Amino acid sequence: MSTATIPANFSELGLIPPLLARLTELEYQQPTPIQAQAIPSVLAGRDLIAGANTGSGKTATFALPLLQQLHAEKSSTSNSASKGNYVAGLILVPTRELAKQVADSIKSYAVHFNGAIKTVAVFGGVSANTQMLALRGGTDILVATPGRLLDLISSNAIKLDRVSTLVLDEADRMLSLGFTEELSELLALTPKKKQTLLFSATFPEQVKALTQELLNNPIEIQVQSSDTSTLVQRVFTVNKGQKTALLAFLIKQHQWRQALIFVNAKNSCEHLATKLSKRGITAEVFHGDKGQGARSRVLEEFKAGEIDVLIATDIAARGLDIEKLPVVINFDLPRSPADYMHRIGRSGRAGEVGLALSLIDYEDYHHFKIIEKKNKVRLEREQVEGFEVDEELNERLIADKPMAKPEGTGKKKRKNKTSVNADIWLRNS
Ligand code: AMP
């Protein structure tokens, strides 16, 4: 589609007044690129493959047409009594946080339908009983994580044989989290004839195979992240032993509120929080070992601005919608380039200015280059005064010639931090 044909206003997309009124209340001034390109076709019943990150406005892209279609169906059927434990619009998501968030967005978009469209979210980690109760008599829209949905199906709490629209949100994440089998089981339970919308930030082979199997003559839309936000990416080189000190310095210097810091392991969350607290910075942690109650509480407080610094594993990298998150910091680099995109997508959302900062030391250097290459960016290596890396290393980094690893910096533990070679990296620790 050429730019000239893309509608610039929500009113041109074919949405009905109750939805348009809600978008005005939510102060959505104009459709994001994916909304402008996809909503008219989705309303017309087409299947969709969309390459889009969170922050692009993808939730509204599927939620608004889905609500409109279901509302029209319900209004035209005089006998709207539900048959058993039906679901009409099924949205599969990889995490419980995303399930709640998507359901909340849908409920918010639907306020002017005055309760005519029922939306339920189901996910693991909490008791299934309340969810079963919520599903009594069926639901128009169900937002679900795959595992819990299968459990609920096996206890006859819900059936998928009347699904008319299926949305796979963050398909790549769902597959990378190991939901492949659950997904095939669930797909087999849905009717053959349905509208399918698939959203994925990346398209590895597994996702491509899924799209071929599932989608019927879909429209394809790829949204570049640069279209969706004004996110500034920066990278600071630092000696390994000074990372925490630099982080603490930056947090204090910039007085960041709502800084989301990523590390790679659950226990690293706790370690870093302890180290920061010794430097006078209070931080909360968010990772998979925390109970659902604690995770929800921390998230609510962080969203409300009551927590300044949140240290999280990649569990927070997908889907969490925290308005106007000013800064995301990679304290540990993510394992994959795709995860990097997901992490930085937490900031600079829907046109807001955001900062994605990565702190890299010698050991991260090559990995960061791979991340840049895959994501087609090349960032200038910066240093912070007072935290400069050793001169020799710096020269190598500038010349793009990392020096051979000093003995002992590999997997084997260093016996003695003051050993001559290791000292190059640890001088400032
Ligand atoms: P999503 O990519 O669906 O997670 O949406 C990211 C954020 O952008 C959410 O906070 C939405 O409420 C917001 N949003 C979505 N569409 C628009 C729009 N057209 N204008 C302004 N904000 C939007």
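**Reading burial, backbone and ligand contacts**

Guide: At 37% relative accessibility, V111 counts as partly exposed. That class lies between buried, under 20% relative accessible area, and exposed, over 50%, with a 1.4 Å probe and protein chains only.

Visitor: What kind of model is this, and how are its residues numbered?

Guide: This is a predicted model, in which local features need pLDDT of at least 70 and side-chain atom pairs count only at pLDDT 80 or more, while totals for chains, interfaces and linings use all residues. Residues are numbered from 1 along each chain as its sequence is written, and side-chain values use heavy atoms, with hydrogens and water left out.

Visitor: Where is V111 found, and which residues does V111 touch?

Guide: A contact means heavy atoms within 4.5 Å. V111 is found in the loop between α4 (96-109) and β3 (119-122). Leaving aside residues up to four places away in sequence, V111 touches R22 and E25. V111 and P18 stand 93 residues apart in sequence, yet their C-alpha atoms are 8.2 Å apart in space.

Visitor: How many helices and strands are there, and what share of residues is buried?

Guide: Helices (H or I, at least four residues) and strands (E, at least two) are DSSP runs, numbered from the N terminus. The protein has 17 helices and 14 strands, and 52% of its 429 residues count as buried. Of the contacts between residues at least 6 apart in sequence, 75% join residues at least 24 apart.

Visitor: Which residues other than glycine have a positive phi, and are they buried or exposed?

Guide: Two cases may be set side by side. E170, with phi near 55°, lies in the loop between β5 (165-168) and α7 (171-176). E170 is buried, with a relative accessible area of 3%. N217 has a phi of about 45° and sits in the loop between α9 (205-214) and β7. N217 is exposed, at 55% relative accessible area.

Visitor: Which residues come nearest to the ligand, and why does the ligand lie between two domains?

Guide: A residue is near a molecule if one of its heavy atoms lies within 4 Å of it. Of the 15 residues around the ligand, Y28, Q35, G55, G57 and T59 come nearest. Domain bounds come from an automatic or database domain assignment. Both domain 1 (10-222) and domain 2 (231-420) give residues to the shell, so the ligand lies between them.
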